[in-house]
Amino acid sequence: DKVKNKINELLNTTKYGFYTNKLNLVSHSMGGLAAREYLTNPKYSSSYVDKLILIGVPNLGSPLANQSNNISKTQLTSWLIVMPHAYIGVSLRADLVVSVDTFLNIDLNGEAVKDMAEESNFLKNLNSRSQPLDVNFCGIFGIKGTPLNWNISDDYYGGDGVVTKTSQLGEGIISFKESPEEIE
C-alpha cells in the first residue's frame, strides 16, 4: 500500500497532478519488487504509471537472500575474510561473494530478505502474474561485478554480486521495450 499511497499523494499535488495523471517510477532492489507488486496486483491499478525503471532488481531472487535465510548473521560473519584495501568479503562457500559494507547493512530477520529469496512465496506469486501492457518496463543493469564474482559464474558478471544478471533481467518473466545494451 505504500506505493499506492505515494502515487496518490503525488498525483494530488499541484506540482505533479496538475500536469499529469501518470508517473514514472524509478526503483532499486526491493523497491523494484514492491513497484512490480503494485503494478501486477489486481487490487491496485497500473493506469497511473507510464514507465517503471528497474535498477539492480532481484526479479528472480538473490542467492545472498537464500543464504541469509538459511544461516544466522554470526555464522555468516565467521565465513567472511576481509581482504585489506579491497573491502571484499569472501565466503568459504563459492556461491556467495559480497562486499562487507553490503553484508553489514542487511537485516537478516527482515521481511525483504525473506521475500527476495529465489524460491520465496512472494516471488513465486509476483512472477506468476502478467506484466501490465500499459506500462513500459525499462532496466538499468549492472554489468561489471567484481573479479571474484566473475570467477564464480558468468551470471555474476552483472552488478554488485548480490543480484545476478539473469535475475536483474527477469528472464522469462519481464519484457523490456528494447533489448538491453552494454554501455561503457
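**Stop 1: helix α2**

Select helix α2: its buried residues pack against α1, β1, β2, α7 and β5. The model on your screen is a predicted one. Helix α2 covers residues 30-40. It is mostly covered, with eight of its eleven residues buried. Colour those buried residues: Gly 32, Leu 33, Ala 35, Arg 36, Glu 37, Tyr 38, Leu 39 and Thr 40.

**Stop 2: the whole chain**

Zoom out. The protein has 184 residues, and 41% of them count as buried. Its secondary structure comes to nine helices and five strands. Follow the elements from the N terminus: they run α-β-α-β-α-α-β-β-α-α-α-β-α-α.

**Stop 3: α1 against α2**

Angles of 65 to 115 degrees count as roughly perpendicular. The two helices are therefore roughly perpendicular to each other.

Show the side chains where they meet. On the α1 side, pick Val 3, Lys 4 and Ile 7; on the α2 side, pick Ala 34, Ala 35 and Tyr 38. This contact divides into five nonpolar residues, no polar ones and one charged.

**Stop 4: Val 3**

Click on Val 3, which sits in helix α1. Is Val 3 buried or partly exposed? It is partly exposed, with a relative accessible area of 23%. The cut-off for buried is under 20%. Leave out residues up to four places away in sequence, and Val 3 touches Leu 25, Ala 34, Ala 35 and Tyr 38. Draw a line from Val 3 to Leu 25, C-alpha to C-alpha: it spans 9.6 Å. In sequence the two are 22 residues apart.

**Stop 5**

Leu 25 brings you to strand β1. In a regular strand the side chains alternate between the two faces of the sheet. See that pattern in β1. Leu 23, Leu 25 and Ser 27 point to one face and are buried.

Step on to Ser 29, in the loop between β1 and α2. Most residues other than glycine have a negative phi. Ser 29 has a positive phi, near 55°.

**Stop 6: the sheet**

Select β1, β2 and β5 together. Which order do these three strands take in their open sheet? The order is β1-β2-β5, and the pairing is parallel. Strands β1 (23-28) and β5 (136-140) stand at the edges, each with a single partner strand, so one side of each has no neighbour in the sheet. From one strand to the next, the twist averages 20°.

Look at the pairings one by one. β1 and β2 pair over six bridges. Find Val 26: its bridge partner in β2 is Ile 53. Strand β2 (residues 49-55) pairs with β5 over five bridges. There, Ile 55 stands opposite Ile 140 in β5.

Bring the helices back. α1 packs on the sheet and touches β1 and β2, and its direction makes about 140° with that of β1. α2 lies across β1, β2 and β5, running at about 150° to β2.

**Stop 7: the core**

In soluble globular proteins, nonpolar side chains tend to be buried together. The largest nonpolar core here has 23 residues. Start with Ile 7, Leu 39, Val 49, Leu 52, Leu 54 and Phe 137, which touch the most other members. Elements that give two or more residues to this core are α1, β1, α2, β2 and α7 (121-128). Which element gives the most? It is α2, with four residues.

Centre the view on Leu 52. Skip its neighbours within four places in sequence. Its contacts are Leu 25, Ser 27, Ala 35, Arg 36, Leu 39, Val 135, Asn 136, Phe 137 and Cys 138.

**Last stop: Ser 175**

Finish with Ser 175, in the segment after α9 (165-169). Not counting residues up to four places away in sequence, Ser 175 touches Gln 131 and Phe 137. Ser 175 and Leu 133 are 42 residues apart in sequence, and 9.7 Å apart in space, C-alpha to C-alpha.

Methods. Residues are numbered from 1 along each chain as its sequence is written. This is a predicted model: local features need pLDDT of at least 70, side-chain atom pairs count only at pLDDT 80 or more; totals for chains, interfaces and linings use all residues. Side-chain values use heavy atoms; hydrogens and water are left out. Axes are lines fitted to C-alpha atoms, for helices over the stretch in contact, and angles run from 0 to 180 degrees between N-to-C directions. Angles under 35 degrees count as roughly parallel, over 145 as roughly antiparallel, 65 to 115 as roughly perpendicular and the rest as oblique. Contact means heavy atoms within 4.5 Å. Ala, Val, Leu, Ile, Met, Phe, Trp, Tyr, Cys and Pro count as nonpolar, Asp, Glu, Lys and Arg as charged, and the others, Gly among them, as polar. Two strands pair if DSSP finds at least two bridges between them. A nonpolar core is a set of buried Ala, Val, Leu, Ile, Met, Phe, Trp, Tyr and Cys residues joined through side-chain atoms within 4.5 Å. Buried means under 20% relative accessible area, exposed over 50%, partly exposed in between (1.4 Å probe, protein chains only).
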